[in-house]
Structures are given as C-alpha cells and as structure tokens.
Amino acid sequence: THGGANHVMECVGAAAAMDTAIAVCRPGGTVGYVGVPHGVDDEGLDVFSLFTDNIALNGGVAPVRAYAEELMADVLEGTLDPSPIFTKTVDLENVAEGYRAMDERDAIKVMVRP
C-alpha cells in the first residue's frame with residue numbers, strides 16, 4: 001500500500017485486530033469498526049498513534065437484534081445464504097470444540113447442527 005491503507009475496517013472484534021487496523025492505516029487515514037472489539041477495555045487502545053498519525057476512528061455497536069428477525073426470515077426463505085461465514089460445523093455434543101476453535105482462531109464462525 002506504499003505507506004498504509006487509506007481506509008481500514010476492523011470487523012474481527014478483538015483488541016489485536018484493532019491494533020493491526022491502526023498499524024496498517026496511513027497517516028490521515030480512517031479506521032472503521034463494527035461492534036466493540038473484545039479486550040480493548042482490558043488491554044487499552046493505542047490512541048497515541050491515532051493522534052500522532054492523524055488517524056480518524058469511526059464506528060459503533062452492531063445492532064444485531066434490530067435486524068435478526070428480518071435476516072432470519074431471509075435465511076429461511078432462501079434469499080440469503082449465510083454459509084460463507086461458517087468455517088466449521090459441529091454437532092450438539094461438540095459445541096465446546098466449536099467455541100475452542102473460535103477462541104484459538106481456528107474458525108471464524110461455527111455452525112451447530114443438532
């Protein structure tokens with residue numbers, strides 16, 4: 001990117017991902033985020049680099065519940081295919097394995113098939 005990206009989106013939801021987004025943003029650029037990154041309150045946010053590089057930080061919470069009912073209807077009708085976000089499938093007996101895979105970043109989202 002020859003000096004960093006003009007605009008960066010942080011959609012992972014982890015403090016390390018927010019740190020990476022800030023690090024790869026060019027001076028004068030913008031970092032956007034969806035939802036509140038997990039761990040930012042514990043580990044802090046590198047606001048110094050935002051100020052020194054004049055990086056704008058914009059975003060907000062992800063209002064999932066506001067869209068869940070409409071999106072679920074689209075999924076059930078077949079007009080929206082959610083499968084691209086699932087990188088692992090487990091049965092009910094292996095739900096703990098699904099959580100472990102997401103925690104260790106071996107999976108992005110896990111589908112549970114009863």
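## The largest pocket

About 740 Å³ of space lies in the largest pocket of this predicted model. Its lining has 21 residues, and those closest to the centre are V64, L71, I85, F86 and K109. A pocket here is an open set of points on a 1 Å grid over the protein atoms alone, where a 1.4 Å probe fits and protein lies on both sides within 12 Å along at least five of seven lines; lining residues have an atom within 4 Å of a point. The volume is the space filled by probe spheres set on the points, which are joined across faces, edges and corners.

Helix α4 (residues 64–77) gives the largest share of this lining, 6 residues; a helix is a DSSP run of H or I with at least four residues, numbered from the N terminus. By class, the lining has 18 nonpolar, 2 polar and 1 charged residues. Ala, Val, Leu, Ile, Met, Phe, Trp, Tyr, Cys and Pro count as nonpolar, Asp, Glu, Lys and Arg as charged, and the others, Gly among them, as polar.

## Two domains

The chain is assigned domain 1 (5–59) and domain 2 (64–112), with bounds from an automatic or database assignment. Their C-alpha centres lie 26 Å apart. Both domains give residues to the lining of the largest pocket, so that pocket lies between them.

## The second largest pocket

This one holds about 340 Å³ of space. Its lining includes C11, H38, D103 and R105, and divides into 5 nonpolar, 2 polar and 3 charged residues. Each domain supplies at least three of the lining residues.

## Reading the numbers

Residues are numbered from 1 along each chain as its sequence is written, and side-chain values use heavy atoms, leaving out hydrogens and water. Local features need pLDDT of at least 70 and side-chain atom pairs count only at pLDDT 80 or more, while totals for chains, interfaces and linings use all residues.

Definitions and conventions
Helices (H or I, at least four residues) and strands (E, at least two) are DSSP runs, numbered from the N terminus.
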